[in-house]
Amino acid sequence: MSKVKIMLFALLVSLTAGAQTPVYTPDSVAHPRKKVAVVLSGGGAFGAIHVGALKVLEEAGMPVDMVVGTSMGSIVGALYSVGYDSDDIATMFRTTDWIDLFLDNSDPQHLTLRERDAQGTYILSRDFYVPGNFDPQPGGILRGGNVEKAFARYLYGYTDSIDFLLDMPRQFACVATDLVTDSEAVLTSGSLVKSLRASMSIPGLFTPVHIGGMELVDGGAKNNFAADVARRLGADIVIGVKFDRQLSTVKHYRKIIDVMERSAGSDVSRHSREHEKFCDLVVRVPVRGYTSGSFTKSALNALMERGEAAMREKIDSVLLLKAQAGALDYDINTMHLRDMDNVAVEVSEPKGLINTHVPGTVEASLGLRFDTEELLAAQVGGRMFFGKNCNRELDVTLRLGLRSMLRLGFEVQPWKFKKMGVSYEFWYKYSDLYTRGKRSDNLSYIYQHANVKLLSVDAMNFYGEIGLGWDHYHHFKGLWNEHSTLYYPQNEHFFNYHLSLRYDSEDNRYFTTRGIRAEGSYEYCTDNFAGWKDHSGFSVVTAMCRATIPLSSSTHIRPQVQGRLVFGDDLPVMAGNVIGGLSRGKFFPQQLPLAGLGHAELMGSKFVSASLRLQQCLATRHYVHLEGSVAEHSDTMGDLFDGKPLWGVRLGYFFDSGIAGPLGATLGWSSYSKRVNFTLSLGFDF
């Protein structure tokens, strides 16, 4: 056979063998293949597009050997690199409460009752240091502690110092910005948790992360699309995924968010476009209609779907790159090494109360509220912690609005969970009283309250206090009409000895899904520490109990009973029962809320009520409340249940905005006032 025939025969055999289905052998797994890297851009909520894009790469069998990410892209990339697949990461995106994650709110199970109340009052709290002491929050508003806890939980097994290029199932790198040198920092080793926290730390919002001699913040400031980094780390084929705002050259920038994102992101966008030259394939995902802060469940789902659709449009290019990489059909191209169901049990959470304060620091807090009754109210609080183990505390609170207040307090903690202290409050209040739905009294008065806390126990779900109090009222004016039957002395005061107890296991102050709250108090009031107006003093008993019962994962009912009983003769008007409004103590210290009664009404000295609330969660953070109530009141215990009961209903819609508090509107009606009342509010109660 001639040499030409031999060569033709050999060529025919090779072509025939290439057309056959390859046979899997152990040696064939180790065939040489090019290294494939995926580059994921930053962008806050826009990072959800990467989840959908990775899903398509998995379906196509595209091998991914390396992931390089910036900011939110680094978070998705790290999860993918330790072995979660796109479905797992999508589940994380859908189930994570992103607002709580980014804030510094502590887990309620680690807080005392009073600290839980404060966390449900202020929209923002920040620690400052006293000169000469450690700064607990340098360079940022938020510490990012909850973010680090979440990373540690999901990335268990990779939380120690490791080499991201050698010790992870997929090679990984993330980009941050070093404030010291004003340069890009590529992180490929060390603490994976700290590296991710650095890569997504928005300057000024999150505190910088100290690693080595670097002070690191969000990598998007220097390199939001790090395709060049992937090339430097040895990638042969680079697939880049980035968001595309589809900005119009004729757009009128009238929204604040549009102006901020456009001005802050111009240089970032330019560098991002320049780095596209390092990619073999760039997938641009349109995100018009959303912002980097669109962390709602519906927005994240939509962004994931857009990422998937954009990658599917490039499926031919993906398959071509797969062939160029030398990937075989029987390659193991996706790795599902982790199970979401086991995440929670892999990491042990701390139990019980945790002291998060550092001696010598000041915690400053800000609260804002808008409603149709008071229009605007603002409250600023400051707490200074000092002494060994923060066993002494000085606090100052200032409130501005129709109800303005200044509070000063000092406490010592001689024993664990047990405190003693003194406090003083000065209030200026402007309040209206109604008589069966008709305004009868306009009150403008100064209310002073002093309290000596002889002993208190402040634990996780329990608070108890024994003490002495003083209440003083100075009435500037009282404007009466034909419905008024009251007389207010210009000045009146009384002292009290009091005991109060409270148990609270509710998981949320405003949108409770489980738990019980019960509280009770007793006060014995005098004008001379012994009696009241030449006879024995008067007593006040207050009690309330409610429980939240789940009917389904989204439907809950909350039965509640409450009452306030005043016993004695010659009772002062300001010690009487005031009922109505949405929250307790709104315009009068003793005011109790009642469904359907929108304004404050003066009731008899004996008052009891029962109510039932139905809470329906319509979607993430959207709630509807339907509540009904029935009540009895009288001036004597014997006649308390002899009269015709009053009843009311209230329907409300609320959106849980997280940081700013509930946004909602309510519509109510009461048989007592026979009037419809409407309220609109935004913010926490204080």
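Visitor: Which backbone oxygen lies 3.5 Å from a polar atom of the side chain of His449?

Guide: This is a predicted model, in which local features need pLDDT of at least 70, side-chain atom pairs count only at pLDDT 80 or more, and totals for chains, interfaces and linings use all residues. Residues are numbered from 1 along each chain as its sequence is written, and side-chain values use heavy atoms, with hydrogens and water left out. His449 touches residues including Ser423 and Trp470 (contact means heavy atoms within 4.5 Å; residues up to four places away in sequence are not counted). The oxygen 3.5 Å from the His449 side chain belongs to the backbone of Trp470.

Visitor: Is His449 buried or exposed?

Guide: Buried means under 20% relative accessible area, exposed over 50% and partly exposed in between, with a 1.4 Å probe and protein chains only. His449 has 17% relative accessibility, and therefore counts as buried.

Visitor: What is the angle between the planes of Phe494 and Trp532?

Guide: Rings of Phe, Tyr and Trp (its six-membered ring) pair if their centres lie within 6.5 Å; planes under 30 degrees apart count as stacked, over 60 as edge-to-face and the rest as tilted. By this rule there are 21 aromatic pairs. Phe494 and Trp532 form an edge-to-face pair, 6.3 Å centre to centre, with an angle between the planes of 80°.

Methods:
A polar contact is a pair of N or O atoms within 3.5 Å; within protein, one must be able to donate a hydrogen and the other to accept it, and residues adjacent in sequence count only if both atoms are side-chain atoms.
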